[in-house]
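Have a look at the coordinates first, and then read on.

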Amino acid sequence: MWETLGAIRDLGRVHQIASILIRYGFGDLVHRVGMSGALEKAGQVLHWQTIEELSTLDAPTRVRRAMEDLGPTFVKLGQVLATRVDLFPPEWILEFGKLQNAAPALDYAQIHPQLCEDLGEEPENVFARIDQVPLAAASLAQAHRAWLADGTAVILKVRRPGIRKIIEADLRLLSRMAEIVEAQAPDLQRYRPREVVHQFTLSLRRELDFAAECRNAERIAQNFVDRPEIVIPGVYWQWTGERLNVQAFVDGISACDLDVADAAGLDRKLLARRGAETILKMVLEDGFFHADPHPGNIFFLPGNRIGLIDFGMIGRLSEQRRFQIAQLLHGLAAHDADAVIEVLLDWTDGAADINEQRLQADTDAFVDQYRGVPLKQLSLGAMLQDVTLILRDHNLALPPDLALMIKTFVTLEGLGRQLDPDFDMAAEARPFLETTLLRRHSPGVMIRRGWRALGSATDLLMRLPKDLGQLLRNARRGKLHMEIDVPTLKPFGDQVNHAANRLTLGVVTAALIIGSSIVMHAGSSGGGRGWPTLGVLGFIGAALGGVGILISIWRSGRK
């Protein structure tokens with residue numbers, strides 16, 4: 001019943017999504033996930049006519065345009081999918097990459113009430129001046145320039161009013177759709193819809209919290225505290241919260257405007273090298289990196305300094321993962337196929353249907369094609385994409401953190417080549433790779449790892465007598481239990497559970513009908529006027545129970 005009420009709550013949004021999907025020629029998907037039946041039973045009319053112009057477009061283009069029409073949640077989903085080069089072929093990645101954050105700006109009057117709530121007073125009392133025309137507008141927020149009383153320029157990043165409610169509804173629907181697609185469409189299971197939606201949900205909810213974004217910025221700023229050539233805007237915490245982000249204004253030249261950078265006399269080669277060093281340090285040394293370093297988030301400042309903004313999308317890498325990345329990149333640059341295969345097998349650990357011999361043969365052939373190629377001509381980004389192509393051919397997927405890292409490397413190398421056609425990413429990465437590999441086996445690190453291992457082993461040995469005694473006591477008392485999990489029985493158990501729920505609800509509904517009839521009859525025979533309230537409520541409850549049973553039976557039929 002609760003699921004039924006939840007579905008009714010999102011019925012309007014379901015109708016919007018279904019209509020857009022049908023318009024772009026994805027009516028079959030609407031049928032397969034059960035949206036059409038639910039909407040038609042609820043009295044919603046769907047128009048199944050296909051627009052001729054859209055029928056001539058290829059599938060990636062239609063999906064991208066549908067996501068644009070579906071709104072901010074799906075635009076963000078497309079941007080996340082653009083990082084999954086291990087799941088989608090290049091033509092899909094290209095289309096997903098066209099999804100931009102740009103969105104129509106709201107009038108200042110529409111965001112003013114929310115600004116008052118977040119600041120606790122009128123914005124005009126806090127800031128000397130606010131530019132009511134936004135500098136930029138994105139799907140989640142828009143940015144306004146403002147000035148403090150002392151003349152300091154700041155940026156107000158304001159979340160769109162009411163956007164969380166829409167996004168939460170979309171996330172609920174996406175989660176349900178992913179479950180249905182994975183259960184009913186075996187041909188789409190390789191895209192791991194539930195895993196993608198789960199990771200996307202976590203990422204988007206973090207991105208909606210602007211205070212978390214500011215904490216990310218401060219953490220990265222602390223990592224570059226001894227690098228004055230890297231500028232991270234400061235945070236004004238007295239006005240920053242979940243829906244409002246107030247940071248210092250970065251007055252620089254956008255990385256999109258290279259001609260302006262040339263006119264300002266900036267050194268392109270130095271900027272490319274510093275940008276590469278910045279991202280490589282984040283990824284390989286800190287394990288905490290800006291995961292969206294596109295040109296719109298990078299500014300060039302006087303003195304060939306680099307400013308970074310927008311820390312909503314952040315990647316995290318464990319020490320073990322950083323070592324694996326260094327091992328992989330070093331193996332690619334050194335043409336060491338065995339090192340590459342070892343890392344790939346670690347990343348795909350647990351895959352039941354992996355053909356290790358075929359994977360090794362494909363990796364050997366891939367690495368061999370770069371043998372004899374000068375280091376300067378190697379593109380690490382392209383090589384990483386080729387590695388993901390091998391995994392995709394074997395129906396294997398990268399962990400989400402690695403997919404984000406590879407996308408960051410590809411974006412960084414592309415920007416570096418724009419700044420300097422002779423940019424050598426492999427040469428810039430080599431010192432960081434060597435340092436990461438050496439750090440893994442340095443005496444200090446080895447001692448710490450050995451000490452931790454010794455401590456864990458000691459704790460295990462000390463707890464062993466107690467744990468063994470507890471096990472024997474439970475066995476003597478008959479409290480020792482063994483659990484056997486048979487996955488094939490779970491669907492059968494779920495069916496029995498649903499059938500029992502429907503039977504119980506049916507009994508309760510029948511009792512309500514009989515009881516309400518008796519109450520109504522007693523009320524009318526007693527000479528009372530009107531219908532007894534208790535009887536009416538009983539019939540309403542019976543009607544709701546009947547609707548719940550019908551929907552449950554319909555959903556079981558769809559499965």
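**The chain overall**

Keep in mind that this is a predicted model. The mean pLDDT of the chain is 78, and 75% of its residues reach 70 or more. Over residues 1–6 the pLDDT is below 50, and beyond near neighbours in sequence that stretch has four contacts in the model.

The chain has 559 residues, and 43% of them count as buried. Its secondary structure comes to 24 helices and 11 strands. If you take the contacts between residues at least 6 apart in sequence, 67% of them join residues at least 24 apart.

**Two helix pairs**

Two packed helices are described by the angle between their axes and the distance between the axes. Let's start with helix 11 and helix 12 (residues 193–208): their axes come within 9 Å and cross at roughly 170 degrees. Angles over 145 degrees count as roughly antiparallel, so helix 11 is roughly antiparallel to helix 12. On the helix 11 side the contact includes Ile 163, Ile 167, Glu 168, Leu 171 and Leu 174, and on the helix 12 side it includes Val 197, Phe 200, Leu 204 and Arg 205. By class, the residues of this contact divide into 11 nonpolar, two polar and six charged.

Is Glu 168 buried or exposed? With a relative accessible area of 16%, Glu 168 falls under the 20% cut-off and so counts as buried. Both Glu 168 and Arg 205 are among the residues that make the contact of helix 11 with helix 12.

The other pair is helix 6 (residues 59–70) and helix 7 (residues 72–81), which pack at an angle of about 140 degrees with their axes 6 Å apart. That makes helix 6 oblique to helix 7. Helix 6 brings Met 67, Glu 68 and Leu 70 to the contact, while helix 7 brings Pro 72, Phe 74, Val 75, Leu 77, Gly 78 and Leu 81. Sorted by class, that gives seven nonpolar residues, one polar and one charged.

**Loop residues**

Here are some loop residues with their relative accessible areas.

| Residue | Relative accessible area | State |
|---|---|---|
| Asn 297 | 5% | buried |
| Thr 240 | 14% | buried |
| Asn 304 | 15% | buried |
| Asp 310 | 25% | partly exposed |
| Asp 131 | 28% | partly exposed |

Asn 297 sits in the loop between strand 8 (288–290) and strand 9 (298–301). Which residues does Asn 297 contact, once its neighbours within four places in sequence are left aside? They are His 290, Asp 292, Gly 307, Leu 308, Ile 309 and Asp 310. Asn 297 is also 14 residues from Phe 311 in sequence, with 9.1 Å between their C-alpha atoms.

Asp 310, one of those contacts of Asn 297, has its place in the loop between strand 10 and strand 11 (314–316). Its phi is near 60 degrees, a positive value in a residue other than glycine. Asn 304 also has a positive phi, near 55 degrees, and is again not a glycine. You'll find Asn 304 in the loop between strand 9 and strand 10 (305–308).

Thr 240 lies in the loop between strand 5 (230–231) and strand 6 (244–248). Its side chain reaches the backbone oxygen of Tyr 236 at 2.9 Å. Leaving aside neighbours within four places in sequence, Thr 240 is in contact with Ala 211, Cys 214, Val 235, Asn 245 and Val 246.

Last up is Asp 131, in the loop between strand 1 (129–130) and strand 2 (136–137). The side chain of Asp 131 reaches the backbone nitrogen of Val 133 at 3.2 Å. Not counting residues up to four places away in sequence, Asp 131 touches His 144, Arg 145 and Trp 147. The C-alpha atoms of Asp 131 and Leu 156 are separated by 9.8 Å, with the two residues 25 apart along the chain.

Key
Residues numbered from 1 in each chain as written. Predicted model: local features only at pLDDT ≥ 70, side-chain atom pairs only at ≥ 80, totals over all residues. Heavy atoms only, no water. Buried < 20%, exposed > 50% of the residue type's maximum accessible area, 1.4 Å probe, protein only. Helix = DSSP H or I, 4+ residues; strand = E, 2+ residues; numbered from the N terminus. Contact = heavy atoms within 4.5 Å. pLDDT = per-residue confidence, 0-100. Axes fitted to C-alpha atoms, helices over the stretch in contact; angles between N-to-C directions. Parallel < 35°, antiparallel > 145°, perpendicular 65-115°, else oblique. Nonpolar A, V, L, I, M, F, W, Y, C, P; charged D, E, K, R; others polar. Polar contact = N/O pair within 3.5 Å; in protein donor to acceptor, adjacent residues only side chain to side chain.
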